[in-house]
Amino acid sequence: MNTTSLKSLLDACFLAKRVAETMPELPPGMKPRHIHVMEAIHELEVSEQECRVSDVSARLGVTTPSITKLIHELEGFGMVDRFADKADKRVNLLRLTPKGMESVRIYIYELHAKWVEGLKDITDQQAQEAVMVIERLAGAMPAGKKKVAKEEL
């Protein structure tokens, strides 16, 4: 890749950030990263039936303290419940509340369905190639900036 192509790629990343910011208005105080965390909780609940903070952290590639802070905020919004594991009371498990599930439905499933409808001409292979290029770009970032990018979610 030459520097002209890299500039085009970086411009596309900035455009992608603006696209992500066009989500429907979230409930007061909520940010897109809250929705991202709730989506991860939902996916873990569906696939594993138990969900720990560390599971969400690993799935999103974000530090456990950062996820713990977001979970605490989501509890305050009434979106997530944290409860002790019956077998080991030291382990905290997570589940979405009905309000949290409703938010996942609106801000993930319905929104994604609308985007898919408008992008019918893009193949799954093209989408995966775009993901691969963006992930490679993120991996090629200068070392000091990689952690910042991941932590911003």
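What percentage of the contacts in the protein chain with a separation of 6 or more is accounted for by residues 24 or more positions apart? In this predicted model, the share is 54%. The protein chain has 153 residues, and 25% of them count as buried. Along its principal axes, the C-alpha trace spans about 55 × 35 × 30 Å.

The next topic is secondary structure. The protein chain contains seven helices and two strands. Followed along the sequence, these elements give the pattern α-α-α-α-β-β-α-α-α.

How are two packed helices described? In general, the description uses the angle between their axes and the distance between the axes. Helix α3 covers residues 53-60 and helix α4 covers residues 64-76. Their axes lie 9 Å apart, and the two helices pack at an angle of about 115°. The crossing in which α3 passes α4 is right-handed. On the side of α3, the residues that take part in the contact are V53, S54, V56, S57 and L60; their partners in α4 are T64, I67, T68 and I71. Sorted by class, this contact of α3 with α4 comprises five nonpolar residues, four polar residues and no charged ones.

Attention now turns to helix α2, which spans residues 32-48 and includes H34. Is H34 buried or exposed? With a relative accessible area of 1%, H34 is buried, because buried residues are those under 20%. Leaving aside residues up to four places away in sequence, H34 touches G29, L70, E73, L74 and F77. Among these partners, L70, E73 and L74 fall within the range of residues 64-76 that forms helix α4.

R33 also has its place in helix α2. The relative accessible area of R33 is 30%, and therefore this residue is classed as partly exposed, between the limits of 20% and 50%. R33 and I67 are 34 residues apart along the chain, while their C-alpha atoms are separated by 9.8 Å. I67 is also one of the residues of α4 that meet α3.

The last topic is the aromatic rings. How many aromatic pairs does a search of the whole structure find? The search finds zero such pairs. An aromatic ring does, however, have a charged residue over its face: R95 lies over the face of F83, at 4.0 Å from the ring centre.

Definitions and conventions: Residues numbered from 1 in each chain as written. Predicted model: local features only at pLDDT ≥ 70, side-chain atom pairs only at ≥ 80, totals over all residues. Heavy atoms only, no water. Axes fitted to C-alpha atoms, helices over the stretch in contact; angles between N-to-C directions. Helix = DSSP H or I, 4+ residues; strand = E, 2+ residues; numbered from the N terminus. Left-handed = near helix turned anticlockwise from the far one by under 90°. Contact = heavy atoms within 4.5 Å. Nonpolar A, V, L, I, M, F, W, Y, C, P; charged D, E, K, R; others polar. Phe/Tyr/Trp six-rings, centres within 6.5 Å; stacked < 30°, edge-to-face > 60°. Lys NZ or Arg CZ within 6 Å of the ring centre and 35° of its normal. Buried < 20%, exposed > 50% of the residue type's maximum accessible area, 1.4 Å probe, protein only.
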